[in-house]
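Trainee: Hi! Could you walk me through this structure?
Mentor: Happy to, here it is.

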Amino acid sequence: MGSSGAERAAERLLLAALCSVCQALQDGMLFPTESPSREVKDVSGLWIFRADESPERSRGFEQQWYKSPLAETGPVIDMPVPSSYNDITQDAQIRDFIGWVWYEKDVWVPARWIQDRGTRIVLRVGSAHYYSVLWVNGVKVTEHVGGHLPFEADISGVLRQTSGNQCRITIAVNNTLTLETLPPGTIQYMTDRSRYPAGYFVQNTNFDFFNYAGIHRPVLLYTTPKAHIDDITVETTFSDNIGLVSFNVSVLGSSKAAVKVTLSAQDGRCVASADGSRGVLKVTDVNLWWPYLMHENPAYLYSMEVKDGQTDVYTLPVGIRTVKVTSTQFLINNKPFYFHGVNKHEDADIRGKGFDWPLVVKDFNLMKWMGANSFRTSHYPYAEEILQMADRHGIVIIDECPGVGIKDIRSFGNVSLAHHLTVMEELVRRDKNHPSVVMWSVANEPASEMPPAGFYFKELVSHTRSLDSSRPVTYITASNYARDLGAPYVDVICVNSYFSWYQDPGHTELIGLQLNTQFDNWYGKYQKPIIQSEYGADAVPGLHSDPPMMFTEEYQKTVLQNYHNVFDQKRKEFVIGELIWNFADFMTSQSIIRVVGNKKGIFTRQRQPKAGAFLLRERYWRIANETGVLNTIKLEQEYPLRFIL
Ligand code: BDP
C-alpha cells in the first residue's frame with residue numbers, strides 16, 4: 001500500500017527521533033529471553049554468603065576471597081538469591097550491616113556452550129544494591145555502580161581459559177552510600193569515646209525506606225551467537241487505523257548483518273515485515289495498546305521477531321500507542337488519560353527488596369481489584385519482570401530513577417550530575433520499549449530550591465529528552481511553587497503534599513483550602529498539567545477512633561476523602577492524576593516517627609486491605625466508569641462491582 005504524505009512525514013519524524021534515542025551507552029541491555037538461538041540458565045537459588053566484618057571492611061579484598069572457594073576463607077552462611085540479606089538471619093548486625101558482603105555459587109555450564117566457539121556466554125545480574133564486583137573462577141569480569149538496574153559481562157573467554165564447565169561465581173556487594181551515589185548518603189564516624197566505641201560509624205540517608213541490600217534480582221547465565229542482536233529500539237505512532245512501528249536494531253560481532261523484522265498479531269498472523277536494521281513497519285487495522293479500564297481490549301501486544309541472518313533471533317513484545325501532554329491533559333492515543341493509581345515500593349517481609357513472583361502477581365491482582373490504572377516506581381527502577389506484567393495488563397507506569405533524597409548541596413556537583421545522567425541512560429536503555437512506561441521521573445523531592453538545582457535539573461531533563469523524545473519527563477517536587485528551580489524544565493508538574501499530617505497534624509478540615517491553593521498556585525505559575533504524586537496518612541491496621549484521630553484507619557480515610565473532594569473539582573481543569581502514598585506499608589530505618597516502618601499503606605505489608613483500600617476501590621472504579629468506554633458487564637463479572645457501587 002502506498003503511504004500518504006502525512007504517514008511519510010510521521011515516518012520521517014520517527015526516524016529522526018530514533019537517531020537520538022539511546023546513543024549514549026555503547027551496548028544494549030535486552031532482557032534475556034530464550035529463542036531458537038538463545039538459552040537462559042537461571043542460577044539464582046541458594047548461594048553462600050559472608051559479611052566482611054573487619055573494621056575497614058577490606059579484608060575480603062586484602063585476602064582475595066574471590067581467588068578460592070569462599071568457605072575456605074572463613075565462616076559462611078546460606079543466602080537466598082534474589083533477596084535482601086538484611087532480614088534473613090536472626091542477627092541484627094547482618095540486618096544493619098554497612099560495607100562489603102560476599103556471595104558465591106558454583107554452577108555447571110553446559111559443555112556444548114563451552115565447546116561451540118560461536119557461542120557467547122553472558123553472566124547477568126538483574127540488580128544488586130549498591131556497588132558490585134563480579135568474578136568468575138577468580139577472574140574479575142565486571143563491576144557496576146548503582147542498585148535497581150541490571151549489569152552483565154561476557155564470560156565466554158574466562159570460561160574457556162579457566163576450568164571449563166565448572167563456574168564459580170563470586171559477587172561482592174557494598175551498600176555504602178556517599179554524597180555522589182544515587183540515592184546519596186553520608187557515613188558519619190562517631191568520635192565521642194564516652195558514647196561510642198572506637199571506629200563506630202553510621203550511615204545517614206535522606207529517604208524514607210530501609211536501605212535493603214544484597215542481590216535483589218535473578219542472576220542468569222545466557223547465550224547468544226557471537227554475531228548477535230545487541231539492542232532494539234522501537235517507537236510507535238498511528239494515524240487513523242494505521243499503526244507505525246519504527247525500529248532500530250544494532251547487531252554486534254558481524255560485519256554483514258542481514259536483519260529481518262516480522263511483526264505478528266496475537267493470533268500469530270504476520271501483519272508487517274521489513275528487511276534492514278532500521279525502518280518503519282505499517283500495521284493496518286491496528287489494535288492499539290490501551291490502559292486497563294480505558295478500553296474493552298486493553299494491553300494489546302504485538303510480537304516483533306528480529307532475525308539476524310541465519311544466526312540470532314530475538315522476540316520483543318510491542319504495544320502501539322502514543323503519549324502527549326498539553327497544558328491541561330495527558331493524552332494516551334490522543335484520549336485524555338487520568339492517573340488513578342498508587343505509589344509502590346519493592347518491599348516485603350523477609351525478602352526485603354528481593355524479587356518474588358508471588359508478591360508481584362498478588363500486587364497486580366490487588367491493583368486491578370481496586371481499579372488502579374497506574375503506578376509510579378517510587379523511588380527507583382523496579383524489576384523488568386514487573387514492567388512486563390504492566391505491559392501485559394495495561395497498567396501505566398511513571399518510571400522513576402533512584403534520585404531520591406538529594407538534599408545536601410554537595411550532591412548537586414558535577415560528579416553527582418554525571419552519575420545521575422549515566423543512571424538515566426541505563427534506565428532509558430533498559431525500559432525504552434515498554435508501552436506501559438509513559439513518563440520518566442528523574443528524582444523525588446530533591447532540594448529543588450537550592451541554587452544549583454536550576455542548572456542540575458535543566459541538564460537532567462534535557463539529557464533524558466535527548467535519550468528518548470517520545471515520552472514526557474518530570475521530577476517529583478515537594479517544594480513551594482515559588483521557589484522550585486527545576487519546574488520550568490519538566491513537562492508535567494508532580495507534587496507531593498501531606499496536609500493535616502506533616503503540616504497541621506490532626507486538622508483535616510484544612511485540607512480543602514490548602515490543596516486548592518496548592519493547585520492554583522502551581523497551575524497559575526506554570527500552566528502545566530499536575531499530578532498529585534503523593535498524599536496520604538499513616539494508619540496502624542486495627543486502630544480505630546471516631547471522631548478520627550491520627551494513626552487510625554478512620555483518620556486515613558478522612559484525609560483521603562478530603563483530598564478527593566478537591567481532586568474532583570480540579571480534574572475538570574488541569575489535574576491529571578492522583579497516586580496514593582502508599583500501596584502497602586513498607587519498612588524504613590528505625591526512628592521515633594516510624595512504628596516498625598511506614599504505615600501509609602492502604603494495604604498492610606502482608607497485603608491485607610485497610611479501610612482506605614475500600615474507599616479507593618469505590619472511587620477508582622467510579623472514575624473508570626465515568627469515561628464511558630468500559631464494558632461494565634464484563635468487568636463486573638471479573639470484579640463484582642455490585643458490592644461497591
Ligand atoms: C514523602 C516521600 C516518601 C515518604 C513519605 C512519608 O517522598 O518517600 O515515605 O513522604 O513521609 O515526602 O510517608
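Mentor: Let's start with Cys-494, which counts as buried at 1% relative accessibility; buried means under 20% relative accessible area, exposed over 50% and partly exposed in between, with a 1.4 Å probe and protein chains only. This is a predicted model, where local features need pLDDT of at least 70, side-chain atom pairs count only at pLDDT 80 or more, and totals for chains, interfaces and linings use all residues. Residues are numbered from 1 along each chain as its sequence is written, and side-chain values use heavy atoms, leaving out hydrogens and water.

Trainee: How far is the sulfur of Cys-494 from the closest cysteine sulfur?
Mentor: That sulfur is in Cys-401, 13 Å away, which is too far for a bond.

Trainee: And how many disulfides does a search of the whole structure find?
Mentor: The search finds zero, taking a disulfide as a pair of cysteine sulfur atoms within 2.5 Å.

Trainee: Is Cys-167 buried or exposed?
Mentor: Cys-167 is buried, with a relative accessible area of 0%.

Trainee: Switching to the ligand, which residues come nearest?
Mentor: Of the 13 residues around the ligand (a heavy atom within 4 Å), those are Asp-208, His-379, Glu-445, Tyr-502 and Lys-600.

Trainee: How far is a ligand oxygen from a side-chain N or O atom of Asp-208?
Mentor: The distance is 2.5 Å for Asp-208, while for His-379 an oxygen of the ligand is 2.6 Å from a side-chain N or O atom.

Trainee: How much of the ligand does the protein bury?
Mentor: The protein buries 90% of the 320 Å² that the ligand exposes when taken alone, by the Shrake-Rupley method with a 1.4 Å probe.

Methods: A polar contact is a pair of N or O atoms within 3.5 Å; within protein, one must be able to donate a hydrogen and the other to accept it, and residues adjacent in sequence count only if both atoms are side-chain atoms.
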